[in-house]
Amino acid sequence: MAQIALFRPLRIRELEFRNRIVIAPMCQYSAMRSARHSRPNGRSPCGCRVQTGCRAAGISSAVKAAVKIPMVAVGLISGFEQAESIVSTGDADTVTLARGVLYDPHWPWHAAVSLGATVRAPHQYLRCQPHQSRDLFEAE
């Protein structure tokens, strides 16, 4: 089975992420938007973020090619297929979720089930695996 792009590991320098879903608290999301707009160069200190609305106009791919740093897609990402498409097409390296996870705290698990992926989970999580998705978790 081909690996789902959203759940592929990502390495940025010494930092390794298990998947390409980042969950941001709302206050951090708001603070980063404010910080980005207040900086003279318009870039956040953590890398380049592009609102997903820009993706439709083809802007995110151009920005990613120009800056050559990891791209994070933010804003109005709600659907599992939408998030997978952003990562699999290379428009961004990760997606950042805020409101979607506030609405559904298990959004990443539901995305894995919907897309046919598995989630590496600590041993303690294996006991809370959903009954209808017995193959969702794999032990670390």
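Which residues does valine 119 touch, not counting residues up to four places away in sequence? Valine 119 touches Phe7, Trp109, Ala112, Leu136, Phe137 and Glu138, where contact means heavy atoms within 4.5 Å. The structure is a predicted model, in which local features need pLDDT of at least 70 and side-chain atom pairs count only at pLDDT 80 or more, while totals for chains, interfaces and linings use all residues. Residues are numbered from 1 along each chain as its sequence is written, and side-chain values use heavy atoms, with hydrogens and water left out.

**Overall architecture**

- The protein contains six helices and eight strands; helices (H or I, at least four residues) and strands (E, at least two) are DSSP runs, numbered from the N terminus.
- Along the sequence, the elements follow the pattern β-β-β-α-β-α-α-β-α-β-α-α-β-β.
- Of the 140 residues of the protein, 37% count as buried; buried means under 20% relative accessible area, exposed over 50%, and partly exposed in between, with a 1.4 Å probe and protein chains only.
- Among contacts between residues at least 6 apart in sequence, 44% join residues at least 24 apart.

**The largest nonpolar core**

- The largest nonpolar core has 26 residues; such a core is a set of buried Ala, Val, Leu, Ile, Met, Phe, Trp, Tyr and Cys residues joined through side-chain atoms within 4.5 Å.
- At least two residues of this core come from each of strand S5 (71-74), helix H4 (80-88), strand S6 (94-97), helix H6 (107-115) and strand S7 (119-121).
- H6 supplies the largest share of this core, five residues.
- The residues with the most contacts inside the core are Leu6, Phe7, Ile21, Ile77, Val95, Trp107 and Val119.

**Helix H4**

- The buried residues of H4 include Phe80, Ala83, Glu84, Ile86 and Val87.
- These residues lie on the same side of H4, because they cover an arc of only 160° around the axis; the arc is that of the directions from the helix axis to the C-beta atoms.
- Glycine 90, which follows H4, has a positive phi, near 85°.

**Packing of H4 against H6**

- H4 and H6 pack at an angle of about 80°, with their axes 9 Å apart; axes are lines fitted to C-alpha atoms, for helices over the stretch in contact, and angles run from 0 to 180 degrees between N-to-C directions.
- The two helices, H4 and H6, are therefore roughly perpendicular to each other; angles under 35 degrees count as roughly parallel, over 145 as roughly antiparallel, 65 to 115 as roughly perpendicular and the rest as oblique.
- H4 contributes Phe80, Glu81, Ala83 and Glu84 to the contact, and H6 contributes Trp107, His110, Ala111, Ser114 and Leu115.
- By class, the contact of H4 with H6 comprises five nonpolar, two polar and two charged residues; Ala, Val, Leu, Ile, Met, Phe, Trp, Tyr, Cys and Pro count as nonpolar, Asp, Glu, Lys and Arg as charged, and the others, Gly among them, as polar.

- In H6, the residues Trp107, Pro108, Trp109, Ala111, Ala112 and Leu115 are buried.
- Leucine 115, in helix H6, is buried, with a relative accessible area of 19%.
- Leaving aside neighbours within four places in sequence, leucine 115 is in contact with Ile4, Leu6, Phe7, Phe80 and Glu84.
- Leucine 115 and glutamate 81 are 34 residues apart in sequence and 7.7 Å apart in space, C-alpha to C-alpha.
- Alanine 117 is placed in the loop between H6 and S7 and is buried, with a relative accessible area of 12%.
- Not counting residues up to four places away in sequence, alanine 117 touches Ile4, Phe7, Ala112 and Leu136.
- From alanine 117 to phenylalanine 137, 20 residues apart in sequence, the C-alpha to C-alpha separation is 9.1 Å.

**Other individual positions**

- Arginine 13 is in the loop between strand S1 (10-12) and strand S2 (15-17), and has a positive phi of about 55° although it is not a glycine.
- At 70% relative accessibility, arginine 13 counts as exposed.
- Alanine 98, in the loop between S6 and H5, counts as buried at 10% relative accessibility.
- The C-alpha atoms of alanine 98 and glycine 75, 23 residues apart along the chain, are separated by 8.3 Å.
- Tyrosine 103 is found in helix H5 (residues 99-103) and counts as exposed, at 75% relative accessibility.
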